[in-house]
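Here are some exercises to work through with the model open beside you. Try each task before you read its solution.

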Amino acid sequence: MICRGKADTANDVYVSIRSENKPGLYITANEDLSVTLEQESVISEELELRQTFHTVMGLDDESGISFESAAYPGYYLAIVDDVLTLTGGSGNATFYVTDVEY
């Protein structure tokens, strides 16, 4: 589920991605460029930033969107070898979103 960015709730281009079937878990960018699901229970500015993504026009297809890490600018969510990770834009970095919660 796409929702307002935890690190910037006022700007619609920043989003956080919450697990639909496991409430309270958010996609989180890690320093090693891995992506994990983490609880929102331990709130810190650093964690909120790692759980926030800047939406941009799709890198692979302009009809979709790509998610640039707010914590690690220049790195985007992508699927590489069936694993969600952060890349410099390589791999499948374009997504087609249908469920947004604002």
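**Exercise 1. A glutamate in a helix**

In which helix is Glu 48 found? Then work out what surrounds its side chain.

Step 1. Glu 48 belongs to helix H1, residues 45-50. Helices here are DSSP runs of H or I with at least four residues, strands are runs of E with at least two, and both are numbered from the N terminus.

Step 2. Before going on, note that this is a predicted model, in which local features need pLDDT of at least 70 and side-chain atom pairs count only at pLDDT 80 or more, while totals for chains, interfaces and linings use all residues. Residues are numbered from 1 along each chain as its sequence is written, and side-chain values use heavy atoms, with hydrogens and water left out.

Step 3. Glu 48 is buried but has no salt bridge. Buried means under 20% relative accessible area, exposed means over 50%, and partly exposed is in between, with a 1.4 Å probe and protein chains only. A salt bridge needs a side-chain nitrogen of Lys or Arg within 4 Å of a carboxyl oxygen of Asp or Glu.

Step 4. The nearest side chain of opposite charge is that of Lys 6, 5.1 Å away. For charge, Lys and Arg count as positive and Asp and Glu as negative, while His and the chain ends are not counted.

Step 5. Leaving aside neighbours within four places in sequence, Glu 48 contacts Lys 6, Ala 7 and Ile 43. Contact means heavy atoms within 4.5 Å.

**Exercise 2. Salt bridges**

How many salt bridges does the structure hold? Find each pair and note how accessible the partners are.

Step 1. The count is three salt bridges. As a reminder, side chains of opposite charge can pair when their charged atoms come close.

Step 2. Arg 4 pairs with Asp 12, at 2.6 Å from N to O. Arg 4 is partly exposed at 34% relative accessibility, and Asp 12 is partly exposed at 47%.

Step 3. Glu 38 pairs with Arg 50, at 3.6 Å from N to O. Because Glu 38 lies in strand S4 and Arg 50 in helix H1, this pair ties together parts that are twelve residues apart in sequence. Glu 38 is partly exposed at 24%, whereas Arg 50 is buried at 11%.

Step 4. Arg 50 also meets Glu 46, at 2.6 Å from N to O. Both residues lie in helix H1, four residues apart, which is about one turn of the helix. Glu 46 is partly exposed at 47%.

Step 5. Through shared partners, the salt bridges join Glu 38, Glu 46 and Arg 50 into one network.

**Exercise 3. Strand S5**

Which residues does Thr 55 touch, not counting those up to four places away in sequence?

Step 1. Thr 55 is placed in strand S5, residues 53-57.

Step 2. Thr 55 touches Asp 12, Val 13, Val 15, Ile 65, Ser 66 and Phe 67. The C-alpha atoms of Thr 55 and Val 13 are 5.3 Å apart, although 42 residues separate them along the chain.

Step 3. His 54 is found in strand S5 too, and is partly exposed, with a relative accessible area of 23%. Leaving aside neighbours within four places in sequence, His 54 contacts Val 13, Tyr 14, Ser 66, Phe 67 and Glu 68.
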